[in-house]
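Biologist: Thanks for sitting down with me. Could you walk me through a few spots in this model?

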Amino acid sequence: MATPILDRCASVCDVLRADLVEGAPSQITIVGRMGSMVDTDRDQLREESLRWGAWFAERIEPGDRVAICMPTSADFLHAFFGVLYAGGIAVPLASMVPLKEEYLPPFLEGRAPVINNSGAKLLATHDDLVDTLSGLKEWCPGLETIFSAADVTGTTEGFEPHATRHEDVAMLQYTSGSTGDPKGVELTHHSLLWNLDAIRAGIDARPNDVCVSWLPLYHDMGLIGGCLYPLASGIGTNLMATEVFLTDPAFWLQAMSMKRATITVAPNFGYALCVNRLKDDVIQHLDLSAVRVMLCGAEPIDPDVLAAFQDKFAPAKLPPNVILPVYGLAEATLAVTFTELLAPVRTLRLDRAKLEQDSCAVLSTAADAMDVVSVGTPLLTNRVRIVNAQGEVLGDNQQGEILVQSPSLMRGYFRNADATERTIQGGWLQTGDLGFLRDGELYITGRLKDLIITYGRNFYPHDIERIAQRVDGVRTGCVVAFAVRNGVESTDEIALIAETRATDRPALIEMRREVRKLLINAIECNPKHVVFVPPGQVPKTTSGKLRRVEARRMFLDAEFAKLL
């Protein structure tokens, strides 16, 4: 096996070194948000990043934070690596597509707490967003300069990159949905490089691999899995703006076909979108025969979506068993567990009542059985255990909170010692995720904070959401369920918000009836509130995950534009 990346790199910047890999500089293709395409390579990327580093070195001290609010582009990478070359700490932020004027204040207000929490003095953005984002200075008194590539002048003459140590913090990864109470995950150079080695081991890296990713670079799975990993491995790196994929999911698979890609990564909804949107006349022109690993990192994973994707794209020569369910989280840098290569997706059908009431994973063939997917075994020296509410370690097939121990755990939450102490105890990360172990494999069943307990029964929001979206007219991936308090009866009740393009009231009434009928028949669940809203109303994180806490707040504050 090749020398570990961690042993060859003093810092994350070293993934750009020409001598890191054998052979010619690997090709890097970046498709921007408006479809613009840039072809570069490792040498060019390193040279320009060093120039940015020299510019940063005149404006920041080692350890200073620099926010990066850019769409997927070469300049995002120049800014990211440039900050690190200067010894700074990169703070990737969710970028923006051109917004209507009325949407701009909420966008700025949402980014301000993160910038203030990080203490960033500089913010790098795209040329045409500098004026738009200037309003952030009203929200962020410590933000001194908002700039773009056009402002980065000068050369590398006389510049020496900062002598970075493995234990130095490289970036702050703000956890999904961070707004009012942002938590910046401190990731060191060691954690990032070690996790890249873990990913490499999990996919059995090969020198002729080619990677394609449309995930945003401000998200851990996009930046680390879709970008830093292929760069560090010296393989073909192809990045696509998320907006390009969302506009037409075919671009993702067409790029894989054209580039003869072997590796890609996407959350569950990405695969679902392709199943729902791609037509046969597009599929017949695809050749996915080179694919060997399609990582799926959304938890819990919907086995029906993965099976439908495999079936739909079999005519495009998609090899069997290439979808690889995985588990990870920002606090562990990224990757924690991977399933075995080229193994069928392992799904268990469980007795719903036993899991909900007794926290026991018992196999079942009942019609209302609950499907759960294995996300594999720990990578390298990672460790996983399951504990109950008292912190006692549980055995196989016992549901509890998932704890993780890893060399790539975060150093902590930035400037938040209390949250860090609550989250990392005795070297174990409290993930907040629910799951169980079976024969050494991890199965995800939900989130502790999302569990809905109503009238003595436990329901999992993702279960309700997955079933409700089967109704015709309900948008896939755009249904959110959560609990609302019934003070009179001293219990929680279930509210469900679903996006639809339907506007006809009789049709909406019938859809509501069908949602309730399906949920009652499937899991004996009858939501108190079923609300339909126009497309774009259901709040999501930058990576497409549902923001149930925010949805609940919007519901209670009557902020949804209800159709029914």
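Biologist: How are H7 and H8 oriented to each other: roughly parallel or roughly perpendicular?

Modeller: A word on the source: this is a predicted model, where local features need pLDDT of at least 70, side-chain atom pairs count only at pLDDT 80 or more, and totals for chains, interfaces and linings use all residues. Residues are numbered from 1 along each chain as its sequence is written, and side-chain values use heavy atoms, with hydrogens and water left out. Helix H7 (residues 189-202) and helix H8 (residues 220-233) pack at about 85 degrees with their axes 10 Å apart. Angles of 65 to 115 degrees count as roughly perpendicular, so H7 and H8 are roughly perpendicular.

Biologist: Which residues of H8 make the contact with H7?

Modeller: Contact means heavy atoms within 4.5 Å. From H7 come Leu-192, Leu-196, Ile-199 and Arg-200. By class, the contact has 7 nonpolar, 2 polar and 1 charged residues (Ala, Val, Leu, Ile, Met, Phe, Trp, Tyr, Cys and Pro count as nonpolar, Asp, Glu, Lys and Arg as charged, and the others, Gly among them, as polar). The H8 side is made by Ile-224, Gly-225, Leu-228, Tyr-229, Ala-232 and Ser-233.

Biologist: How many of the 10 residues of helix H11 are buried?

Modeller: Buried means under 20% relative accessible area, exposed over 50%, and partly exposed in between, with a 1.4 Å probe and protein chains only. The buried residues of H11 include Tyr-271, Leu-273 and Val-275, and their cover includes helix H9 (242-247) and strand S26 (474-486). Helix H11 (residues 268-277) is largely enclosed by the rest of the structure, because the buried count is 7 of the 10.

Biologist: Is Ile-89 buried or exposed?

Modeller: Ile-89 sits in strand S4 (residues 89-92); helices (H or I, at least four residues) and strands (E, at least two) are DSSP runs, numbered from the N terminus. Leaving aside neighbours within four places in sequence, its contacts include Val-66, Val-83 and Leu-172. With a relative accessible area of 8%, Ile-89 is buried.

Biologist: What is the phi of Lys-317?

Modeller: Lys-317 lies in the loop between helix H13 (303-312) and strand S13 (323-328), and is exposed at 52% relative accessible area. Its phi is positive in a residue other than glycine, near 65 degrees.

Biologist: And where is Ser-359 found?

Modeller: Ser-359 also has a positive phi, about 55 degrees, although it is not a glycine. At 26% relative accessibility, Ser-359 counts as partly exposed. Its place is the loop between helix H14 (352-358) and strand S16 (370-373).

Methods. Axes are lines fitted to C-alpha atoms, for helices over the stretch in contact, and angles run from 0 to 180 degrees between N-to-C directions. Angles under 35 degrees count as roughly parallel, over 145 as roughly antiparallel, 65 to 115 as roughly perpendicular and the rest as oblique.
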